[in-house]
Amino acid sequence: MLKTLVITVLIIAICVALLSVKVIFKKNGKFSSQHIHDNEALRQQGIHCVLDQDREAREADKAY
């Protein structure tokens with residue numbers, strides 16, 4: 001049981017370290033935003049957040 005717990009904690013620690021490489025080693029490093037409204041390419045294609053799309057559909061009386 002203890003061996004499984006130690007292996008699990010070790011795997012989680014390695015994953016967290018690998019996910020934060022950019023933040024740790026890059027000067028002024030930070031995680032990039034995962035929000036749709038922050039992505040320029042998606043905005044150019046007309047893709048919005050689901051909340052914005054719902055609001056637009058309700059205003060146009062096309063929500064179903």
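The chain has four helices and zero strands. Along the sequence, the pattern reads α-α-α-α. The radius of gyration is 20 Å, well over the 11 Å that the globule rule gives for 64 residues, so the chain is more spread out than a compact globule. This is a predicted model.

**Overall dimensions and surface**
- Taken along the principal axes, the box filled by the C-alpha atoms is roughly 60 × 35 × 15 Å.
- Buried residues account for 2% of the 64 residues in the chain.
- The accessible surface of the chain is about 6200 Å². Carbon and sulfur atoms hold 64% of that surface.

**Charge layout**
- The chain carries 9 positive and 7 negative charges.

**Helix H1**
- H1 covers residues 2–19, which is 18 residues.
- From first C-alpha to last, H1 reaches 26 Å, close to the 26 Å expected at 1.5 Å a residue.
- H1 is hardly covered, and the count of buried residues in this helix is zero.
- An α-helix has 3.6 residues a turn, so residues three or four places apart point the same way.

**Helix H2 and lysine 22**
- Helix H2 spans residues 21–25 and contains lysine 22.
- Lysine 22 counts as partly exposed because its relative accessibility is 42%, between the 20% and 50% cut-offs.
- Lysine 22 and serine 32 are 10 residues apart along the chain. Their C-alpha atoms are separated by 9.9 Å.

**After helix H4**
- Helix H4 takes in residues 50–59, and aspartate 61 is found in the segment after this helix.
- Aspartate 61 has a relative accessible area of 73%, so this residue is exposed; the cut-off is over 50%.
- Aspartate 61 and histidine 35 are 26 residues apart in sequence. In space, C-alpha to C-alpha, the two residues are 26 Å apart.

**Cysteines**
- The structure holds zero disulfides.
- A disulfide is a covalent bond between the sulfur atoms of two cysteines.
- Cysteine 15 has 40% relative accessibility and therefore counts as partly exposed.
- Cysteine 49 also counts as partly exposed, because its relative accessibility is 25%.

Conventions: Residues numbered from 1 in each chain as written. Predicted model: local features only at pLDDT ≥ 70, side-chain atom pairs only at ≥ 80, totals over all residues. Heavy atoms only, no water. Disulfide = S-S within 2.5 Å. Buried < 20%, exposed > 50% of the residue type's maximum accessible area, 1.4 Å probe, protein only. Helix = DSSP H or I, 4+ residues; strand = E, 2+ residues; numbered from the N terminus. Rg over C-alpha atoms; globule rule 2.2 N^0.38 Å. Areas by Shrake-Rupley, 256 points an atom, 1.4 Å probe, with all protein chains shown as cover. Lys, Arg positive; Asp, Glu negative; His and termini not counted. Charge placed at Lys NZ, Arg CZ, Asp CG, Glu CD. Expected span 1.5 Å × (residues − 1).
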